[in-house]
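Thanks, everyone, for making the time.

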Amino acid sequence: MNSIKKLTASALVIALYIVIMYTTQGFAFGQYQIRIATSLYALSYIYPYLVFPLGLANFLSNTIMGGLGPLDMFGGALAGILTAGTVCYIRKFRLNQWLIALAIIFIPGLIVPIWLSILLKLPYVVLATSLCIGQVLPGISGVILVKQFKRVLSKWDISD
């Protein structure tokens, strides 16, 4: 895939992430942060070049909708990059695709509460528990997304 196509696909994924976050912000920022948009991290399994754009998407959504400031914006970007990067390694080492769900659940679920506990003055364990619970649905959705993408792409014969 050439650079223009990668840039275009990256922009579309960033836009999709932000639109999903915007339409689901009612429950994406609650006690159980069910961030459906984080299921898109799974796309880096098929398209590794999306690792940094997905981190940027998290940064932008936290900037537009988060309201907790620079620590949350940059921390969210780092969590997104780490999660999407881990998904890439799952493919690289040919590990079970269901590990994608664990990456999407536990990386944001255990990293984000580090600064949220400081910003919100709430115990880390409480925040980590609620964030991990909220990430279960996006984690499972991410695996299903990858499996469906691979199935469709194999029919088009352009997957890798």
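I will begin with the helix pair and then turn to the pocket.

Please keep in mind throughout that this is a predicted model. Two packed helices are described by the angle between their axes and by the distance between those axes. Here, helix α4, residues 70–92, packs with helix α5, residues 99–120, at an angle of about 160°, and their axes are 9 Å apart. Angles over 145 degrees count as roughly antiparallel, and α4 and α5 are therefore roughly antiparallel to each other. As for handedness, the crossing of α4 and α5 is right-handed.

On the α4 side, the residues making the contact include L71, G75, G76, A79, L82 and I90, while those from α5 include I100, A103, I107, P108, W115 and L119. Sorted by class, this contact between α4 and α5 has 16 nonpolar, four polar and one charged residues.

Now to the largest pocket, which holds about 320 Å³ of space. Its lining is made up of 27 residues, and those lying nearest the centre of the pocket are Q33, R35, V112, L116 and L131. Helices α3 (51–66), α4, α5 and α6 (124–134) each supply at least two residues of this lining, and the largest share, six residues, comes from α5.

What is the division of the lining of the largest pocket into nonpolar, polar and charged residues? There are twelve nonpolar, 13 polar and two charged residues in that lining.

To tie the two parts together, V112 and L116 of α5 belong to the contact with α4, and V112 and L116 are also among the residues nearest the centre of the largest pocket.

Methods. Residues are numbered from 1 along each chain as its sequence is written. This is a predicted model: local features need pLDDT of at least 70, side-chain atom pairs count only at pLDDT 80 or more; totals for chains, interfaces and linings use all residues. Side-chain values use heavy atoms; hydrogens and water are left out. Axes are lines fitted to C-alpha atoms, for helices over the stretch in contact, and angles run from 0 to 180 degrees between N-to-C directions. Helices (H or I, at least four residues) and strands (E, at least two) are DSSP runs, numbered from the N terminus. Angles under 35 degrees count as roughly parallel, over 145 as roughly antiparallel, 65 to 115 as roughly perpendicular and the rest as oblique. A crossing is left-handed if the near helix is turned anticlockwise from the far one by less than a right angle, and right-handed if clockwise. Contact means heavy atoms within 4.5 Å. Ala, Val, Leu, Ile, Met, Phe, Trp, Tyr, Cys and Pro count as nonpolar, Asp, Glu, Lys and Arg as charged, and the others, Gly among them, as polar. On a 1 Å grid over the protein atoms alone, a cavity is a set of points where a 1.4 Å probe fits but cannot get out, and a pocket is an open set with protein on both sides within 12 Å along at least five of seven lines; lining residues have an atom within 4 Å of a point. Grid points are joined across faces, edges and corners, and a volume is the space filled by probe spheres set on the points.
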